[in-house]
Amino acid sequence: MNKNPEILIEVNTNLAQTETRTTARSLNAAPSIFNNAEAIFETDLQTQNDRSLTRSLTANSNTWMSVNSQEDAENEWDHAHALVEKYSDRGVHFAEPNIEHRGLPPQMSVDFSSKTYFDEWAHPETNAQGFAWHLKHSQLLAARLPDPGEGKRIRIGHLDTGYDPNHVSSPKFILKDLERNFVAKDNNLMSAIDRLNSGQEVMKGHGTSTLGILAGNFMRYQNEAGQVIFEDYLGGAPFAEIVPIRISRSVILLKTKRFVEGLRHTLDSGCDVVSMSMGGVASKLWAKMINRCYESGMTVVTAAGNNFGSKPTRLMIYPARFNRVIGVCGITYSDEPYFKHNNSMKVMQGNWGPKRVMDTAMAAYTPNVPFARHSLLEDVGGITNVFTRRGGGTSAATPQVAAAAALWLQKYADQQYTHPWQRVEAVRNALFSSAKKVPNIEQYIGNGALQAKDALAIAPILANKPSPKDSVKLPFFQLFRNYDKKDNLETHDMYELEIHQLTQHDEELQALLDGVNLDDMDWQKKVSKNMIEVLAESPNASRKLRKFLKRMAKGFF
């Protein structure tokens, strides 16, 4: 374990500034925690119609910072608790580790080198019919609008592993002056180009693949017999401006802070839509940033995640689970769920559920769609027009929905809104209400399957109230809050988040949470008992959480 892990702290700005000034005046003062802190973003900002983060702070704002803990602690969460206890009088009231969110384990990776379809999933019968079939199924081809011209194009932030500028599908309008790289080891902030230098062997060039689906350029593609089977724009929104943002070297590894830095840049860059085919476990910082995006009028579209035989989990990951995000699941070529209950560990499939989060989810088409393959891959050998027909996962579905959101915003660009968040609600209403309803599979696809052309026929609405703010809450945890009078509200919040993160990797506990009944007190007590039994002895839980759960066990059972 890292002895000095990076911890993300939420600080009352006024107290922090006072402490820093006091420390500077005292020669004998201990080194301030803020001396080497990196500011991430400020919360509680005054809402304005522009989406810049350079806004005035309110009188009592909070700032999120990252610090390297020097405390003597057992694991990362113990470091977080130690920092809050030590610096609470200086404004630090919440902390969470900057964890590494792991998607699919490397042994569950998919071979994208083959040009053949996955036979386990429905696909077109012939190559001539098959290439880019998703453009028709999703109606993205029928919904395509002409280029509105300079200054009128919709802007999409693409958060992924970067892109290959040499590939034939590389988008027409990449804003190179705005692209960014938040992978610290790359040491190249101003370039989101993926140079495949990470050493990771899992799903290399992922960003190039998803970017082609999102906004791929005009191209010609031939089959093995030399016949031209596709001659068109590959992307669902080929005339959108693209802001590429590299937040990870691998799709299966993502740091909490990198996602926030990426979203912050999309806001500063004036993006209208965000497409991200990545994710992980719960984070309070993520919830805060998603709320900022929503209240600023930016539509965020993220992937539901993937699994092999329901492992590591078949439930949606974050941030797709958040209420103010459009979470994207999968639906196949034959309009069947992208999930098989008897699926073996050999076949990747899409996540869905729990039921309570599917109201803000929908599906798009995957797998067996064309994925651009990075020209620097060893088996590609520098060729810039290589594709696999095995493009899949909810990674392939997500950019289709983001493209449809951009098309809708382009059509209704002149619409005026009283509040920025109404823009997001108008987009969601159009996509959700027009989505194709497929009988008997509603639990897998939420509001339905993407129908972009039909969405363009839905005029803007002016919602009366915003969607509830996103937060990280467990339905049973209020029982603990009501009983425990020893710890304060913020400490309870930290316990709740740590439990949430731990349960996302426990299949048994996830199954309990999937059947949530908020009105059933017996159910809540049952879940609470199970949580205590499993987590109180978990070697992955912090020492402080284990003590808390054992204290709860004595009180409840």
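This is a predicted model: local features need pLDDT of at least 70, side-chain atom pairs count only at pLDDT 80 or more; totals for chains, interfaces and linings use all residues.
Seven strands form an open sheet with parallel pairing, in the order E7-E10-E6-E12-E13-E15-E17. At its edges stand strand E7 (180-181) and strand E17 (361-365); each has a single partner strand, so one side of each is left without a neighbour in the sheet.

Helix H7 (residues 256-268) packs with H8 at an angle of about 10 degrees, and their axes are 10 Å apart. Angles under 35 degrees count as roughly parallel, and H7 and H8 are therefore roughly parallel to each other. From H7, the contact includes Phe259, Val260 and Leu263, while H8 contributes residues including Leu285, Trp286 and Met289. The residues of this contact divide into nine nonpolar, one polar and two charged.

The largest nonpolar core has 84 residues, and among them Ile9 and Leu263 touch the most other members. Helix H8 (residues 284-295) gives the most to this core, with six residues. A second, separate core of 51 residues includes Tyr163, Leu211, Ile229 and Val273. Leaving aside residues up to four places away in sequence, Ile9 touches several residues, including Ile33, Phe34, Trp64 and Phe94.

Finally, have a look at some details of the backbone. Most peptide bonds are trans, and most residues other than glycine have a negative phi. A cis peptide bond, with omega about 0 degrees, joins Lys311 and Pro312; Pro312 is found in the loop between strand E14 (306-308) and E15. The bond from Thr366 to Pro367 is also cis, with omega near 0 degrees, and Pro367 is found in the loop between E17 and strand E18 (369-372).

Gln139 is not a glycine, yet has a positive phi of about 70 degrees. Its loop runs between helix H4 (134-137) and helix H5 (140-143), and Gln139 is buried, with a relative accessible area of 16%. Asn440 has a positive phi of about 75 degrees, but counts as exposed at 68% relative accessibility.

Technical notes
Residues are numbered from 1 along each chain as its sequence is written. Side-chain values use heavy atoms; hydrogens and water are left out. A nonpolar core is a set of buried Ala, Val, Leu, Ile, Met, Phe, Trp, Tyr and Cys residues joined through side-chain atoms within 4.5 Å. Buried means under 20% relative accessible area, exposed over 50%, partly exposed in between (1.4 Å probe, protein chains only). Helices (H or I, at least four residues) and strands (E, at least two) are DSSP runs, numbered from the N terminus. Contact means heavy atoms within 4.5 Å. Two strands pair if DSSP finds at least two bridges between them. Axes are lines fitted to C-alpha atoms, for helices over the stretch in contact, and angles run from 0 to 180 degrees between N-to-C directions. Angles under 35 degrees count as roughly parallel, over 145 as roughly antiparallel, 65 to 115 as roughly perpendicular and the rest as oblique. Ala, Val, Leu, Ile, Met, Phe, Trp, Tyr, Cys and Pro count as nonpolar, Asp, Glu, Lys and Arg as charged, and the others, Gly among them, as polar.
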